[in-house]
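The entries follow the order in which I looked.

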Amino acid sequence: MNSCSTLRLLFAASLIISSLPAIGAGVDAQYLETHCFDCHDAETKKGGLDLTALKLDLADSNSFATWVDVHDRVRDGEMPPPKKKRPPEAETKALLETLDARFQDASAARQAQEGRALARRLNRDEYQNTLRDLLGVAKDYRPQLPEDGRANGYDKVGSALSVSAEHLQAYMSTAREALDEVLVPGPAPKADLVHLPQRWEQRHFGKDFYSRFRWTFGDQPDALVRFGDFVEKIVGYRGAPEAGMYRFRVKARAWGGETVKARIKAGDERNSNTSWVVTYTEFPPEGAVVEVVTYLRKKDTLRVSPIGIAGASTQHRVEQVLKGKRGFDANTYQGPGLAMEWVEVEGPLHESWPTPGQRRVFGDVDLMKATRTDAEQALRSFLPRVFRRAVTDDEVRHYLKIYDQAAKDGDFLAAMKVTLQAAFCSPHFLYLDAPAGALNDEALASRLSYFLWCSTPDDELLALAAKGELHQPATLHAQVDRLLKDPKAAGFNESFTGQWLDLRKITATTPDARLYPEWDELIEWSCVKETRMFFDEVLKKDLSVTNFVQSDFAMLNERLAKHYGLMEAYGAERRKLGSSSTALLKVPLPAGSVRGGVMAQASVLKVTANGTTSSPVLRGVWVMDRILGLPVPPPPPGVPAVEPDIRGATTIREQLAKHRNSESCSGCHAKIDPPGFALESFDVIGGWRERYRAADEAVKDRQFISRPLTFDAPAFVKDPSKRGPMLARIGLGPKVDASGTMPGGADFAGYEEFRRALLANPDQFARSLTQHLITYATGTAPQYADRAAMDEIVAKVRTKHHGLASLIHEIIASPLFLNQ
Amino acid sequence: MNTPHLPTAALSRRAFLRSTGVGLSLPFLEAMLPRFARGADAAPPRRMVLINKALGLHAPDFFPERAGHDFELSPYLKLFAALRGDFTVFSGLSHPEAGGGHSSEASFLTAAPHAGTPAFRNTISLDQLIAEQIGAQTRHPFLAFGSHSGSLSWTRNGVQIPPDKDPATVFRRLFIAGTPDEVREQERQLRDGHSILDSVREETAALQRRVGSGDRDRLDQYFTAVRDVEKRLQTAESWSHKPKPQVQAPPPGEYPDASDIVGRMSMMLDLAALALQTDSTRLITFAIDVDGGVPPIEGVKESRHNLSHHGQDPAKIEQLRRIELAELQSLNAFLTKLKSTGEPGSPLLDHTQVLFGSNLGNASSHDTRNLPVLLFGGGFKHGQHLAFDRTNNTPLSNLFVSMLQGFGIEAEKFGASNGTLAGLNQA
């Protein structure tokens with residue numbers, strides 16, 4: 001095989017193919033032939049790589065990426081593999097230098113020509129938040145827009161944010177609806193206040209209901225007592241008269257001793273698909289008033305229901321039900337239950353009238369008397385907000401033309417709505433773009449606010465941009481601090497953690513109720529809050545990013561503390577603060593705790609498992625990508641996945657052993673497996689396990705697990721013998737082996753030693769987070785030419801104890817952020 | 001060619017309804033059109049329904065062992081015994097390098113490789129490719145149904161078309177004439193639409209002159225979108241004055257809860273049948289998605305997604321079987337309806353290709369090879385099990401090419417195809 005000349009030919013060809021500055025000759029083809037082609041030629045093609053056919057065509061992004069991978073593997077000493085002959089170091093160095101120089105040139109040239117980042121449209125979250133901040137809309141319009149794609153892990157990356165007719169149609173109708181929601185002429189609508197004493201009244205429930213569910217609530221002179229999750233209806237409330245914001249207050253007390261937890265839900269009562277949990281809360285025996293403010297669509301209702309109270313009464317109730325419902329007297333039953341005294345609903349609420357959105361668009365103009373001059377004035381003042389920059393006279397004229405056209409057969413408001421509808425469909429609104437090179441202050445304001453608020457810049461940012469001051473380092477620094485402190489920074493937290501840590505997938509699977517009976521709705525809700533609040537704590541206090549691997553604190557409520565076995569530490573903290581059991585507190589962890597850090601949080605452990613089993617491979621790949629910043633390529637085609645078996649005879653580790661030991665797989669698995677194995681100590685809901693749980697009924701060895709707090713009534717009635725007991729007996733399978741060997745060769749016995757080994761290199765997490773944040777903030781994953789700037793960020797943040805807020809400041813001050 | 005809706009019927013509506021004995025009013029079937037309107041030898045319009053059921057089908061119960069015409073009916077296929085001559089069951093098909101576990105739902109009708117990876121970019125789905133070719137022959141060029149969140153239909157630049165997932169809304173759109181107010185509002189929207197699009201077009205063109213080549217590509221997408229919406233407005237305008245077909249079927253009730261997959265499936269398939277029978281559309285996709293809870297089926301205690309990760313637990317497999325049988329029964333009811341309506345001797349099913357399959361061959365291990373696939377009707381020679389290599393799968397796209405050709409579209413290639421599907425021929 002004459003691969004040497006083939007390669008030269010390829011290089012010659014690449015000169016022609018590449019439109020960027022010529023890639024000169026000088027790559028040591030002899031080196032590749034001697035040390036690489038044995039495995040990476042057309043015949044053997046180890047790992048799917050045929051180097052003899054790989055063009056050094058750096059204009060082609062796939063080819064470029066593969067070459068970078070080749071470079072990095074050789075640089076890290078992974079290739080040639082350890083058992084092959086080592087190439088002379090000088091030759092390796094020379095090859096790497098040549099490649100590095102070329103990559104650097106090609107990547108930098110492309111950036112200079114086209115910019116690092118491409119123009120991109122707003123994603124759904126950004127669009128919604130922008131409408132909220134510009135118009136003050138309360139309705140969530142996201143479900144009306146097509147789902148966004150993601151590239152490099154984020155829905156911020158231009159290549160994934162395509163546009164089609166579906167989008168444009170959705171933008172047209174959504175803009176119209178949003179304008180209709182906010183621009184309402186006439187006097188302020190009256191906010192109704194209804195006070196509803198909660199009493200049993202048949203007319204609110206119906207006859208049939210009475211006979212079927214009478215045993216689920218008690219009738220007291222001053223309250224309706226609910227004993228379960230079955231009837232959530234609020235007596236007498238017929239639903240929201242109009243869409244809008246509503247204040248909801250409920251007075252209730254725990255019935256039968258202990259404090260009772262409750263769920264407040266809103267939405268369409270008849271359709272569980274379109275209702276949502278507003279919050280979880282609790283009521284003490286002496287009673288409390290809980291207030292929430294939430295958006296309701298027309299006819300939406302609210303619901304309150306106690307949760308987690310079945311436990312104590314189950315045996316009693318099972319007996320009663322078996323005897324026949326009449327034998328059970330709900331009115332003398334001692335509970336536990338939730339005695340609801342009264343409920344108040346007030347709304348639709350308006351922050352001001354005219355609405356803030358209307359004032360922002362029209363100022364104090366009376367819409368009934370407005371003229372063309374008012375239209376022009378509104379466009380001059382509002383278009384710069386919509387387009388996030390100053391607008392030209394021509395642009396104002398362009399929109400006035402639309403107004404004039406529409407005003408021919410409509411009134412002022414109708415014509416303005418069409419005009420603004422067009423502005424909200426304009427590429428100037430929908431796209432974030434800037435020419436290659438340094439961002440001007442206006443573009444910088446947008447990049448900043450879409451990074452840290454997931455929304456449009458506010459008046460202050462735009463004013464600083466208009467004065468040309470925003471890019472000044474001290475001003476920029478102060479603005480970053482201001483943005484991070486603003487409540488709108490919740491948009492960053494939600495969007496970033498939703499993707500970086502996959503929190504958006506929290507409901508993707510339902511844990512197997514037989515294997516994991518302790519999973520319930522409250523923990524699902526709590527564990528997402530835990531991770532978000534944890535991120536917030538690290539950010540607000542500028543704590544080291546090593547906290548994501550190990551921290552000496554955790555954000556816990558009672559449900560999480562129970563799940564993690566941390567009731568003592570949590571209890572001490574709660575007594576100090578006297579907070580409710582559903583609220584999350586910062587709790588110092590006892591020495592030696594396996595918790596602390598995101599890898600030991602139930603949310604992360606759940607989204608990296610499938611509800612029934614966890615795979616060390618999937619979790620390992622996840623940790624590599626998210627925590628260590630070293631994404632693993634997908635397995636070569638044709639590798640069968642391991643078929644999980646939960647009958648209890650084999651472990652996934654045993655099943656994997658065969659696969660791992662094969663030579664072509666071992667390269668990647670040496671990196672994937674250590675984190676995967678270490679996390680085997682956590683089950684699919686984030687509980688600590690010494691042994692796997694087994695589904696096979698024949699397994700003799702069993703353990704008692706508390707049933708979920710909540711349970712479901714119809715199943716309870718049909719089959720009480722199975723549903724009744726609050727303790728489930730779970731079969732115990734093989735022992736967990738969480739030991740492994742780090743890629744460097746050090747052995748670890750389990751998760752704690754693994755974690756300690758990781759912590760030896762804090763730069764690694766800083767670099768990983770830099771990659772993720774750069775991708776998120778600039779809409780473009782780090783490119784080859786960015787490596788030096790990334791190194792610099794990591795070096796600077798090292799002197800600032802790797803603090804997360806410091807890291808964000810460094811990223812924003814870096815050329816990667818300040819240039820398009 | 002637009003099928004004209006002429007009032008003088010060759011077969012009176014009443015007579016037709018009497019003969020079918022079903023409680024449906026089917027006024028616009030081509031059978032009732034005067035012969036001359038359709039042209040004496042014009043073939044009846046071709047139709048296609050493409051269904052993906054996420055989470056696979058339990059393979060041992062689905063695939064027959066024997067290949068060819070004398071294949072035995074597997075436990076699942078027994079349900080379709082009455083339709084034995086009307087379908088082909090395939091084994092050994094998959095999209096090469098589909099990958100991505102559940103993410104491969106996105107590529108079921110597009111064949112784009114590496115779903116779920118960072119570099120994944122989707123492309124046009126089979127139905128959209130056909131819609132591009134045949135244009136707006138019907139009031140709705142296509143319908144994309146979804147039981148939960150997603151649809152199977154993707155545009156050329158890889159955008160998922162949002163699914164129709166509210167049966168009542170679809171029913172209104174297909175069959176219910178608007179009130180005068182609604183009609184006025186719709187006319188206003190169309191009028192406003194034109195001036196908004198004019199504005200956007202002008203701005204995009206101006207912007208395009210200013211930006212670099214990469215950004216120009218992105219703006220091109222926006223330009224295309226403007227043109228496409230313009231076309232849609234025109235189609236909507238051209239149909240806005242024609243009366244919608246009347247059906248006697250009552251409007252669908254409440255969409256069942258997310259956990260009731262079979263309930264949702266049946267309701268959507270009922271609508272699909274009505275849409276085809278009234279020639280409201282000729283292309284329907286239906287994504288039957290991952291569920292949200294325990295389906296209300298006797299003997300089932302866990303959610304379908306959970307059960308698909310059965311880990312070989314026999315108790316779970318038994319529950320899974322119950323769900324899948326119920327799902328296939330719902331499909332069977334739909335097919336039987338298509339088989340029993342249409343011209344005498346030429347049932348609707350004969351002109352309607354119905355593809356039913358899954359993007360997962362083994363949901364327990366998220367394996368995307370050896371997909372369960374069935375093709376019903378559409379004028380093919382059926383009644384066989386076409387078995388391909390279970391180790392080296394044949395591209396599912398080969399079947400798509402055959403289906404395109406069966407639809408009368410001159411296509412040589414789709415996705416990763418390397419030909420048509422051997423053994424599948426037109427009758």
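**Interface of chains A and B**

I began with contacts, and I find 60 residues of chain B in contact with 64 residues of chain A. I keep in mind throughout that this is a predicted model.

I then looked up the buried area, which comes to about 5100 Å² between chain B and chain A, with 52% of it on carbon and sulfur atoms. On the chain B side, I noted that Glu203(B), Arg218(B) and Tyr222(B) lose the most area to chain A, and that together they make up 14% of what that side buries.

For polar contacts across the interface of chain B and chain A, the rule gives me 17 residue pairs, both residues being at pLDDT 80 or more.

Which elements of chain B give two or more residues to the side that touches chain A? I list α6 (180-210), α7 (213-240), α9 (304-308) and α10 (314-340) of chain B, and I note that α6(B) gives the most, with 14 residues. By residue class, I find that this side of chain B divides into 19 nonpolar, 21 polar and 20 charged residues.

**Aromatic pairs**

Over all chains, I count 39 aromatic pairs by the rule used here. I looked at Phe451(A) and Phe817(A), whose pair is tilted, with 5.9 Å centre to centre and 45 degrees between the planes. Phe451(A) sits in helix α15 (residues 441-452) of chain A and Phe817(A) in helix α32 (residues 815-818) of chain A, so I record the pair as tying together parts that are 366 residues apart in sequence. I found both Phe451(A) and Phe817(A) to be buried.

Is the pair of Phe492(A) and Phe496(A) stacked or tilted? I call the pair stacked because the ring centres are 5.6 Å apart and the planes are at 25 degrees, and planes under 30 degrees apart count as stacked. Phe492(A) and Phe496(A) both lie in helix α18 (residues 490-500) of chain A, 4 residues apart, which is about one turn of the helix. I checked their accessibility as well: Phe492(A) counts as buried at 1% relative accessibility, and Phe496(A) is buried with a relative accessible area of 0%.

Key. Residues numbered from 1 in each chain as written. Chains lettered and ligands numbered in written order. Predicted model: local features only at pLDDT ≥ 70, side-chain atom pairs only at ≥ 80, totals over all residues. Heavy atoms only, no water. Contact = heavy atoms within 4.5 Å. Buried area = accessible area lost by both parts, 1.4 Å probe. Polar contact = N/O pair within 3.5 Å; in protein donor to acceptor, adjacent residues only side chain to side chain. Nonpolar A, V, L, I, M, F, W, Y, C, P; charged D, E, K, R; others polar. Phe/Tyr/Trp six-rings, centres within 6.5 Å; stacked < 30°, edge-to-face > 60°. Buried < 20%, exposed > 50% of the residue type's maximum accessible area, 1.4 Å probe, protein only.
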